[in-house]
Amino acid sequence: MKLHSAEFVTSVGHLSQVPAEVLPEIAFVGRSNVGKSSLLNRLLNRKNLAKTSNVPGKTRTLNYYRVNRTFYLVDMPGYGYARRSREEHRRWAGLINGYLEKRASLRGAVQLLDARHDPTALDLDMLQWLLHVQKPFLVVATKTDKLPGSRLTTRLGRTRDILLSLGKIDPLPFSARSGRGREAVWRWIQEAVYG
């Protein structure tokens, strides 16, 4: 896909604050510190458009990025980070679930998993939720550059086996550092947005 423009538009802490401009949207979901912001920056060829952090739980809102003035990529709060109050966890869950279930302009989701670890129970819950709301999704295995080739192959095979309970899901290997998988993610987004 040819990238002409990418810009941060807004951060949304409540569904009533979503942009009035109705464009197709692709959500990026995953646990805290899985690499959503790094993936977005690599996709958009920008170093710091999406703010990255070594501290889990930094993204607390839906962050909207307008691409080519024709669709949005939406960075969602990471799930599974324990150092937040119960009230904040409830608010995040309401925001995420409400968005995924009710947002008419949502065309699909990119679910990120850390290639170095087995999918967590929360990862599996999110995938089941995406199946429940019947949204197209792509599973992306991040941080692949942190594993040597043979270990990566083994880890991806194990992840594939764990995901079999949900159907035949083949995680796409991705590296924010090298750009591995970038074009494949864009192809999926393009198909989801434009059909």
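Predicted model: local features only at pLDDT ≥ 70, side-chain atom pairs only at ≥ 80, totals over all residues.
Helix α3 comprises the 12 residues 121-132. At 1.5 Å a residue, this helix should span 16 Å, and the 16 Å between its end C-alpha atoms agrees with that expectation. Four residues of α3, namely Asp123, Met126, Leu127 and Leu130, are buried. They lie on the same side of α3, because the arc that they cover around the axis is only 100 degrees. An α-helix has 3.6 residues a turn, so residues three or four places apart point the same way. Ala121 and His132, on the other side of α3, are exposed. After the helix comes Gln134, which has a positive phi, near 55 degrees.

Arg66 belongs to strand β3, residues 62-67. With a relative accessible area of 17%, Arg66 falls under the 20% limit and is therefore buried. The side chain of Arg66 makes a polar contact of 2.6 Å with that of Glu21. Beyond its neighbours within four places in sequence, Arg66 is in contact with several residues, including Ser5, Val9, Leu23, Phe71 and Tyr72.

Across the whole structure, 4 aromatic pairs are found. In the pair of Phe71 and Trp186, the ring centres are 6.3 Å apart and the planes meet at 75 degrees; this angle is over 60 degrees, so the pair is edge-to-face. Phe71 is part of strand β4 (residues 71-75) and Trp186 of helix α5 (residues 182-194), so the pair ties together parts 115 residues apart in sequence. Phe71 and Trp186 are both buried. Together with Tyr194, Phe71 and Trp186 form one aromatic cluster.

Notes: Residues numbered from 1 in each chain as written. Heavy atoms only, no water. Helix = DSSP H or I, 4+ residues; strand = E, 2+ residues; numbered from the N terminus. Expected span 1.5 Å × (residues − 1). Buried < 20%, exposed > 50% of the residue type's maximum accessible area, 1.4 Å probe, protein only. Arc of directions from axis to C-beta. Polar contact = N/O pair within 3.5 Å; in protein donor to acceptor, adjacent residues only side chain to side chain. Contact = heavy atoms within 4.5 Å. Phe/Tyr/Trp six-rings, centres within 6.5 Å; stacked < 30°, edge-to-face > 60°.
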